[in-house]
Amino acid sequence: MTTSNPIHVPDAFAASYGRTGGASGRAWITALPGLAAEFLDRWTLRPDGPAAHGMASLVLPVTRADGTPAVLKLQQVTEDNIGAAPGLRAWNGNGVVHLLDHDPDTGTMLLERLDAARPLSSVADDTAAVQILAELLARLVAVPAPQGLRHLADIATAMLDEVARAVPRLRDPAEQQLVRTCAAAVAELTGEPGDRLLHWDLHYDNILAGQREPWLAIDPEPLVGDPGFELLPALDNRWAQAMATGDVTRAVLRRFDLLTEVLGLDRRRATGWTLGRVLQNALWDVADGRTALEPAQVAIATALLSR
């Protein structure tokens, strides 16, 4: 099968990716229509709607030769996504989107089609949404990690090595101290980094409605480690709503307690690894040239430390 029409790459995606991806990103964008056409032919797929995109990938709705709806996901291979296919195979559709085919050389994946118009963020009741996320997460982290993925132990060690250089770049002494406190919490846990298969980015918009299950996770960035390292993306969902309660600490702790209860986690360890995620975000922000922490990150860390 040969596609007669070139695949249209959305202008906003091309412009954004070209800025953030540098020369290699611009070259990849230029080659993207040809890459899409190659896999439409190779896997006998027919385009079935306009392409969508996130920050780093183009997703094209397609129909397989047998009429099954699917999506073709095109992305550059990076350190963050290289473990996605092994992780999806290990989960085998249990609480997560099914991987139907994969090309390791280009990172291209053929995935089960879910309802992109119905992310978990469409559920208005925040407690219900957190419960759904927590139940999915509990299923995902119950799976032993396959070989060859990145390990939290290595990531934690690398973070701790960066702290001394990063802290002086923050303007606020209180934020400097907060980063040191987060680092101290991580240092206490590095000897027990965990061995579970982590999603690493499970927030409301990475959970979509499905047909074989009501909700399924998408876009994992698999990592081997402690499930406590999974909680932060769920804590800063709908941050404006958390602030609107008038008691941010209470709102954060309510979410945190629900997550740890459903996952059966030790709250002290989960607090430490969540502070580790705050540390990770802080180090990324400093590396990007920022001199202040994100207020939501400060509020989450402060809420957890209040106990």
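**Helix pair**

I looked up α10 (residues 267–287) and α11 (residues 295–305): they pack at about 160 degrees, with axes 10 Å apart. Helices are DSSP runs of H or I, at least four residues, numbered from the N terminus. Axes are lines fitted to C-alpha atoms over the stretch in contact, and angles run from 0 to 180 degrees between N-to-C directions. The angle makes α10 roughly antiparallel to α11 (over 145 degrees).

I then listed the contact (heavy atoms within 4.5 Å). From α10 come Thr 271, Thr 274, Leu 275, Arg 277, Val 278 and Asn 281; from α11 come Gln 297, Ala 301, Leu 304 and Leu 305.

**Source**

The model is predicted: local features need pLDDT of at least 70, side-chain atom pairs count only at pLDDT 80 or more, and totals for chains, interfaces and linings use all residues. Numbering runs from 1 along each chain as its sequence is written, and side-chain values use heavy atoms, without hydrogens and water.

**Cores**

I found 81 residues in the largest nonpolar core (buried Ala, Val, Leu, Ile, Met, Phe, Trp, Tyr and Cys joined through side-chain atoms within 4.5 Å). Leu 120 is among those with the most contacts inside it. Leaving aside neighbours within four places in sequence, Leu 120 touches residues including Leu 133, Tyr 204 and Trp 215. Another core, of 20 residues, lies apart and includes Phe 13 and Trp 43.

**Gln 176**

I placed Gln 176 in helix α6 (residues 173–189). Is Gln 176 buried or exposed? Gln 176 is buried, at 17% relative accessible area (buried is under 20%, exposed over 50%, partly exposed in between; 1.4 Å probe, protein chains only).

Terms used. Helices (H or I, at least four residues) and strands (E, at least two) are DSSP runs, numbered from the N terminus. Angles under 35 degrees count as roughly parallel, over 145 as roughly antiparallel, 65 to 115 as roughly perpendicular and the rest as oblique.
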